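Please examine the charged side chains of the protein shown here and consider how they pair.

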Amino acid sequence: MTLASSKTLGIVITDGVGFRNFVLSTFLTKAARSFEKVVIFSGLPSSAFPELDKAVFTIVELPVFTETKTNWFWRKLKEVAHLQNHKSNPGIADNYEMNKTKSWSAHGLLVRLVYAVSSVFHSEKNILKYEELQEQSFKKDAIVAKYGEILKEHKPDILFFTHQRPPFIATLVYWAKKLQIPHASFIFSWDNLASKGRMAGTFDYFLVWSDLMKKELLRFYPFTKEKAISVVGTPQFEPYVLPEFDLSESEFYKTLDLNSEAKIICYSCADASIGPNDPLVIATLAEGIRSGAIDSCQLLVRTSPAEDERRFGETKTKYPEIKWNHPKWELTREGHPEPWSQRVPTREDLSMLKAILKFCDLNVNMLSTMSLDFMLFEKPVVNTAFGNGANGLYNDQRFLKYEHYDNVVKSGAVKIAKNSEELYTALNAYLRNPNLDLENRRKLIDMQVGKPLNETTQACVQALKNTL
């Protein structure tokens with residue numbers, strides 16, 4: 001039995017995915033057993049937490065911080081300098097190019113200035129100086145001052161950030177340093193270190209998915225001390241082993257109006273910003289099933305929780321036989337500068353997602369984390385990359401070179417389809433032999449997810465306790 005510490009744990013929940021990972025998992029229950037007090041500092045409204053026992057958890061709704069141009073400039077300089085510093089990495093090089101501008105507007109000139117300065121001054125010491133100037137630029141802001149008052153009032157012994165990138169958390173990191181509160185961050189996703197810009201702040205401790213991610217962290221953030229990193233897995237997958245998220249097979253088929261006698265291909269969408277080829281791939285799948293180019297089966301499409309279904313209106317009309325699952329994520333607040341961050345998943349949606357993973361026969365997606373979700377249920381995965389620099393489609397083939405996805409390609413855990421013929425061939429191979437590449441899928445999961453799913457939240461809590 002875990003003995004409770006006399007300390008206070010502060011948890012910063014920044015958005016709906018953080019809510020899913022650390023509120024809808026068993027993390028909070030285990031944290032409450034291990035710390036005398038648990039305070040949630042929330043970027044979501046307090047109304048997003050109706051199920052939490054207010055006698056056990058203190059919920060503090062953070063006022064919304066809005067960056068000024070000066071705040072933005074120093075943050076962007078820090079981020080682009082980091083990209084500049086690691087341009088030998090394909091994903092980071094791509095991100096570096098995408099952040100450039102052709103505009104000569106006032107904002108465009110600032111972006112150009114950021115690139116000019118960072119092209120010369122981009123060392124780790126330079127980056128830490130930009131961070132210091134960023135902190136100086138917002139330290140007198142009224143909202144930031146309020147953050148300081150909040151932390152002084154609740155006095156957390158450690159402050160845990162459930163995401164390392166949202167810009168507003170730099171203000172809380174600033175106060176944690178100022179008040180000498182140890183602070184840790186969970187690395188949010190498998191691609192964040194090898195393709196994204198700089199973290200929002202400099203943290204004392206890190207919780208990472210795997211030994212692979214630990215190595216990436218030490219490489220991209222060379223001032224990080226190895227002993228400050230804990231390998232904990234990721235709680236985002238924990239609901240898959242929790243019985244409270246079970247949905248019966250009969251209810252699954254009935255809810256989605258599926259044929260229980262036919263195999264199911266699930267296509268899981270990206271959001272429109274990186275998945276503009278989604279309607280094309282869905283149509284390709286539907287046509288393949290209609291024509292018999294794909295072995296007899298049915299198609300289920302799960303859209304991204306980050307958007308509504310409007311862009312698929314034409315697809316739905318043309319292919320009425322497709323079944324659809326639109327994630328039930330609820331908008332908790334209107335008028336927020338980042339409205340997508342205010343959408344939180346329902347327990348009902350997590351149960352449906354778990355059922356999709358369990359009862360569908362295989363998955364198709366555009367190089368997304370959903371590959372791992374399906375592999376955890378030992379299901380085959382085909383990744384589509386229909387676009388390239390020459391064919392006029394959104395160039396999703398460039399993502400194949402990103403370090404985190406290059407690991408997937410090299411693993412042999414998935415089949416890559418760059419056109420309809422390759423897609424049909426891959427699907428038929430997996431429909432006829434679901435165990436094809438199974439051992440490679442297992443090895444990839446072992447590499448990417450460093451703890452068994454039923455141990456990850458306790459590993460997170462223990463890692464936080466160990467910092468004190």
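The questions below concern salt bridges in this predicted model.

Q: How many salt bridges does a search of the whole structure find?
A: Side chains of opposite charge can pair when their charged atoms come close. A pair counts as a salt bridge when a side-chain nitrogen of Lys or Arg lies within 4 Å of a carboxyl oxygen of Asp or Glu. Searching the whole structure on this basis gives a total of 30.

Q: How many residues apart in sequence are the parts that Arg 290 and Glu 321 tie together?
A: The side chains of these two residues, Arg 290 and Glu 321, form a salt bridge with an N to O distance of 2.7 Å. Arg 290 belongs to helix α12 (residues 278–291), whereas Glu 321 is in the loop between α13 (313–318) and β10 (323–325), so the parts tied together are separated in sequence by 31 residues.

Q: Is Glu 307 buried or exposed?
A: Glu 307 makes a salt bridge with Arg 311, with 2.9 Å between the closest N and O atoms. Arg 311 has a relative accessible area of 26% and is partly exposed. Buried means under 20%; because the relative accessibility of Glu 307 is 16%, Glu 307 counts as buried.

Q: In which helix does Arg 442, the salt-bridge partner of Glu 378, lie?
A: The side chains of Arg 442 and Glu 378 meet at 2.7 Å, N to O. Glu 378 is in the loop between α15 (370–376) and β14 (381–384), so the pair ties together parts 64 residues apart in sequence, and the helix that holds Arg 442 (residues 438–448) is α18.

Conventions:
Residues are numbered from 1 along each chain as its sequence is written. This is a predicted model: local features need pLDDT of at least 70, side-chain atom pairs count only at pLDDT 80 or more; totals for chains, interfaces and linings use all residues. Side-chain values use heavy atoms; hydrogens and water are left out. Helices (H or I, at least four residues) and strands (E, at least two) are DSSP runs, numbered from the N terminus. Buried means under 20% relative accessible area, exposed over 50%, partly exposed in between (1.4 Å probe, protein chains only).
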